[in-house]
Amino acid sequence: MELGTQDAGGGAEEKAAAPLASPQQQKNMPYDVLKESKTSVEEIVANMLSIKKENKPKSELRELVTQMFLNFVSLRQANRSILIEEDHIKAETESSKAPVDFTTLQLHNLMYEKNHYVKAIKACKDFKSKYPNIELVSEEQFFSNAPEDIRGSVISNDSAHNLMLKRLNYELFQRKELCKLHEQLEEQKKILLETIANRKKFLLSLPSHLKSLKKASFPVQQQLGVLHTKKKKQQNLAELLAPPLYIIYSQFMAQKEAFDENIDLEIIGSMKDAQAFAHQQSYKESGK
């Protein structure tokens with residue numbers, strides 16, 4: 001409580017000016033009233049019990065009851081003020097909590113993105129490329145043989161990485177060219193295989209054609225006296241003769257051709273039986 005003086009019309013007047021309460025004091029006022037009312041109610045109850053015990057006049061008791069009701073009113077007002085202040089604090093808390101929740105959500109999102117980038121960076125660092133196992137051409141061969149569009153391309157700002165990528169592109173270019181060449185060679189191989197198959201087919205059919213030609217030329221050989229077919233057949237049969245007979249046959253034929261003597265020799269018998277007998281003899285000899 002402060003006292004102030006003011007002069008008006010030659011007279012002095014004193015006025016009492018109440019200072020403004022601070023926010024903290026305003027906040028604590030309901031609690032102070034509640035505490036004071038509680039203390040007052042306790043004192044009134046104690047006085048009322050004392051009056052009843054001492055049988056004092058009821059007028060004193062009525063006055064205490066009135067004071068009790070006034071304290072109850074003060075308690076209700078203080079309680080209402082406290083509840084209003086609580087609602088106000090809750091509202092302020094909710095309004096202050098929204099930015100905090102938003103910031104927390106942003107923090108979680110950033111942490112998730114950070115973990116994602118960390119994993120991606122680790123995967124990139126741990127990545128093992130296949131190109132170290134690829135036998136690339138040397139840099140001299142690359143600069144001398146690679147096409148201009150590959151040598152002059154810029155893929156990365158890092159010079160070493162850019163050179164490696166260009167060498168890989170050149171390797172890919174060479175492999176594509178080799179694939180094209182492989183396809184062309186496969187086509188040529190297919191054509192050659194078809195040609196070989198046709199020629200094999202012709203060669204397989206050639207003995208039957210020769211046999212037909214021999215049969216057809218046999219009358220001409222008889223007319224001309226050149227029995228080439230018969231002579232060839234006799235030679236094949238002679239090879240199946242027993243060694244002593246083959247020696248005699250060879251000597252007679254040599255004498256005929258050397259001295260032009262009129263000697264006629266003819267081998268009579270089944271060629272199939274002779275071939276079977278020769279196979280049987282050779283089998284017996286190999287078995288021994």
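Modeller: A residue is called buried when its relative accessible area is under 20%, exposed when over 50%, and partly exposed in between (1.4 Å probe, protein chains only). The model is predicted, so local features need pLDDT of at least 70 and side-chain atom pairs pLDDT 80 or more, while totals for chains, interfaces and linings use all residues. Residues are numbered from 1 along each chain as its sequence is written, and side-chain values use heavy atoms, without hydrogens or water.

The whole structure holds 3 aromatic pairs (Phe, Tyr or six-membered Trp rings with centres within 6.5 Å; stacked under 30 degrees between planes, edge-to-face over 60, tilted for the rest). One of them joins Phe 142 and Tyr 170: the ring centres are 5.8 Å apart and the planes meet at 70 degrees, so this pair is edge-to-face. Phe 142 belongs to helix H3 (residues 139–145) and Tyr 170 to helix H5, so the pair ties together parts 28 residues apart in sequence (helices are DSSP runs of H or I, at least four residues, numbered from the N terminus). Phe 142 is buried, at 0% relative accessible area, and Tyr 170 is buried too, at 6%.

Tyr 170 also pairs with Phe 173, and here the rings are stacked, with 6.5 Å between centres and 20 degrees between planes. These two residues are 3 apart in helix H5, about one helical turn. Phe 173 is partly exposed, at 33% relative accessibility. Together with Phe 143, the residues Phe 142, Tyr 170 and Phe 173 form one aromatic cluster.

Lys 166 is another residue of helix H5, which covers residues 159–224. Beyond its neighbours within four places in sequence, Lys 166 is in contact (heavy atoms within 4.5 Å) with several residues, including Phe 142 and Ile 150.
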